[in-house]
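Please keep the sequence and the model in view while reading.

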Amino acid sequence: MSNKALEICYDFPFFLQEELEEIFQSHEKIFFQKGDFILEEGKTANEYYILEKGLARSFVNDFNGNEVTTHFFVENEIIIEVSSLFQRIPTQENIVCIMDCECWKFDFETFQELFHKIPNLREWGRAWMSQQLFVYKQRSVEMFTLSATKRYLNLLEQKPHVIQFAPLKQIASYLGVTDTSLSRIRKELVSHPKKI
């Protein structure tokens, strides 16, 4: 079984071909429609997904009941709520499809079995986790050290799919700005692209 999304996500130099095949075969193809919840607040995650096609986001409700986008998941990324999945606790986040999504599902029990059976999967997991920790740390620092315009440009560079397909309100909440501020930033970039 060969699949680009799985190959990209499990790109780790020490995997043997037969290990990869066993891991790939443990994934199940699953489809979600735009607006479907992959995970809802208060529920415990029992799987993670590899996104082959589509776009999804995670969000929380703030103390006023407003949705705040915490992450965008683009193609060839892992859709996961780490705390809920590995600590077996109900999540505070929601994960919802912005577009129709085509995913590969890997359920927790099977993952646990293979995690103990294939040492290289453990090593891959450690490498993936440390990379994600770096990404989240970087994002939290950038929220305070970079201008909203620079944060928008970074998102445009790293995940152009988000800028193209996600609603303005969701992008604004992810960047920590108002819809109006984001509209102004976008207009300025169009009218004065060289100044930025």
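According to an unreviewed UniProt entry, the feature "domain: Cyclic nucleotide-binding" covers residues 11–123; UniProt positions follow the numbering used here, feature names are shortened, and annotations may be inferred rather than shown by experiment. This is a predicted model, in which local features need pLDDT of at least 70 and side-chain atom pairs count only at pLDDT 80 or more, while totals for chains, interfaces and linings use all residues. Residues are numbered from 1 along each chain as its sequence is written, and side-chain values use heavy atoms, leaving out hydrogens and water.

**Overall fold**
- The chain contains 9 helices and 8 strands, which are DSSP runs (helices: H or I, at least four residues; strands: E, at least two), numbered from the N terminus.
- The C-alpha trace of the chain spans about 55 × 35 × 30 Å along its principal axes.

**Burial and cores**
- Of the 196 residues in the chain, 42% are buried (under 20% relative accessible area, 1.4 Å probe, protein chains only).
- The largest nonpolar core holds 37 residues, and Y10, I23, Y48, I79, L121 and W124 have the most contacts inside it.
- A second, separate core of 17 residues includes V74, I163, Y174 and L182.
- A nonpolar core is a set of buried Ala, Val, Leu, Ile, Met, Phe, Trp, Tyr and Cys residues joined through side-chain atoms within 4.5 Å.

**Contacts**
- Beyond its neighbours within four places in sequence, Y10 is in contact (heavy atoms within 4.5 Å) with residues including F15, L20, F106 and W124.
- Among contacts between residues at least 6 apart in sequence, 70% join residues at least 24 apart.

Methods: Buried < 20%, exposed > 50% of the residue type's maximum accessible area, 1.4 Å probe, protein only.
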